[in-house]
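Me: I would like to learn how to read a sheet and a ligand site. Please take me through one example.

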Amino acid sequence: MQTIITESVTVAATWINRGEVVAFPTETVYGLGADITNETAIENIFAAKGRPLDNPLIIHIHSPGQIQDVASEIPETANTFIRQFFPGPLTLILNRKETISPLVTAGLPTVGIRCPNHPVAREFLKRCNHPVAAPSANISGRPSATDWKAVHDDLKEKIRCVLKGPQSALGLESTIVDCSETPPRLLRSGAISLETLRKFVPETRPPVDTEKHVRPKSPGLKYPHYSPSALVKLCGPGYSVCEGEAGSAWIGLSSPPGKIAKTCLCKDMEEYAFRLFSFFRECDREHIKTIFCEMPPAEGIGIAIRDRLKKAAEE
Ligand code: TXA
Ligand code: MG
């Protein structure tokens, strides 16, 4: 299949409305979208990514008013988060409407809902006839795509269209909070931290430490993730001391040791998050064998970076 690359939200929405799979930019990472009412299109998302069918998709909307089209009830805690963080890098898990296809929710009674805060995404979603189901636009297990070229590298000839936009400003996937439970529980860390969520809903619980044999509440969390082809080694207090190696790379907040071929020195944690996945992909293109990653402090978005790094380092 020929993959069309366009900057036109109208062209991209026309393809979605015709039942095709379209990648689009958001402020977190690029998404791989299809019309939630078109089961063939949804199946094509799973096929293009090589994604296991038991991993549900997030539904993307252009305005909070659409939540009632996909969720059966909106508890008060969810309303508080919606008022505060929609549009933005937050996904809410709510009980789903019966009409939502089990392909989207992987048979769960709940649905993930996100309203991106990205002008191109919102204009695009407005032109789509229905909400858009979308996982991150990468081959399953690979780092999420934060620019249209990374999407194209992974998915060209497998999807109909890529809507071109700027590089995703945040660079890490959304924070996921489960509001179908009382009190709500954080399932995945992101740019909005647990501390920030608790300013508005103080009883929000931290993620459950999921053992591999227990089915996690967010099915996707059990799969390997974010991995470049290079070996990822974690450095810093409590982790290895990085000695450097010929042909290796370094990403972190402080200067690398000697013998490093390629360096990504970030001035703060926001820059670290923004550059992480694109640096992983750059390293792969340059056939780097090992990427040393300095663990950032466990605060704010640092918690989300640490979470992604730990998963990327799993063998
Ligand atoms: O920032 C993001 O969230 C990006 C952009 C494109 O919006 N999307 C994204 O999608 O990261 P994905 O599919 O790569 O990750 C979604 C995660 C998966 O771990 C999935 O299992 C979980 O959300 N999820 C989706 N629906 C769920 C539900 N009903 N209950 C629990 N977890 C759910
Ligand atoms: Mg993903």
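Me: In which sense do strand S2 and strand S3 pair?
Reply: Strands of a sheet pair through backbone hydrogen bonds, either parallel or antiparallel. Helices (H or I, at least four residues) and strands (E, at least two) are DSSP runs, numbered from the N terminus, and two strands count as paired if DSSP finds at least two bridges between them. Here S2 (residues 22-24) and S3 (residues 31-35) are antiparallel, with 3 bridges. Phe24 stands opposite Gly31 in S3.

Me: What should I know about the model and its numbering?
Reply: This is a predicted model, in which local features need pLDDT of at least 70 and side-chain atom pairs count only at pLDDT 80 or more, while totals for chains, interfaces and linings use all residues. Residues are numbered from 1 along each chain as its sequence is written, chains are lettered from A and ligands numbered from 1 in the order in which they are written, and side-chain values use heavy atoms, leaving out hydrogens and water.

Me: What is the order of the strands in the open sheet?
Reply: The 10 strands follow the order S1-S8-S2-S3-S7-S4-S6-S5-S9-S10, and the pairing is mixed. Strand S1 (4-6) and strand S10 (185-188) are at the edges with a single partner strand each, so one side of each has no neighbour in the sheet.

Me: Which strands pair with S5, and is S5 mostly covered or exposed?
Reply: Buried means under 20% relative accessible area, exposed over 50%, and partly exposed in between (1.4 Å probe, protein chains only). In strand S5 (residues 90-95), 5 of the 6 residues are buried, so by this definition the strand is mostly covered. S5 runs parallel to strand S9 (residues 175-178), with 4 bridges, and Leu90 stands opposite Thr175 in S9. S5 is also joined by 5 bridges to strand S6 (residues 110-114), in the antiparallel sense; there Leu92 stands opposite Ile113.

Me: Which residues come nearest to ligand 1?
Reply: A residue is near a molecule if one of its heavy atoms lies within 4 Å of it. Of the 26 residues around ligand 1, the nearest are Thr28, Asn55, His60, Ser174 and Ser218.

Me: What polar contacts are there?
Reply: A polar contact with a ligand is a pair of N or O atoms within 3.5 Å. A polar side-chain atom of Thr28 is 2.7 Å from an oxygen atom of ligand 1. For Asn55, a side-chain N or O atom lies 2.6 Å from an oxygen atom of the ligand.

Conventions. A polar contact is a pair of N or O atoms within 3.5 Å; within protein, one must be able to donate a hydrogen and the other to accept it, and residues adjacent in sequence count only if both atoms are side-chain atoms.
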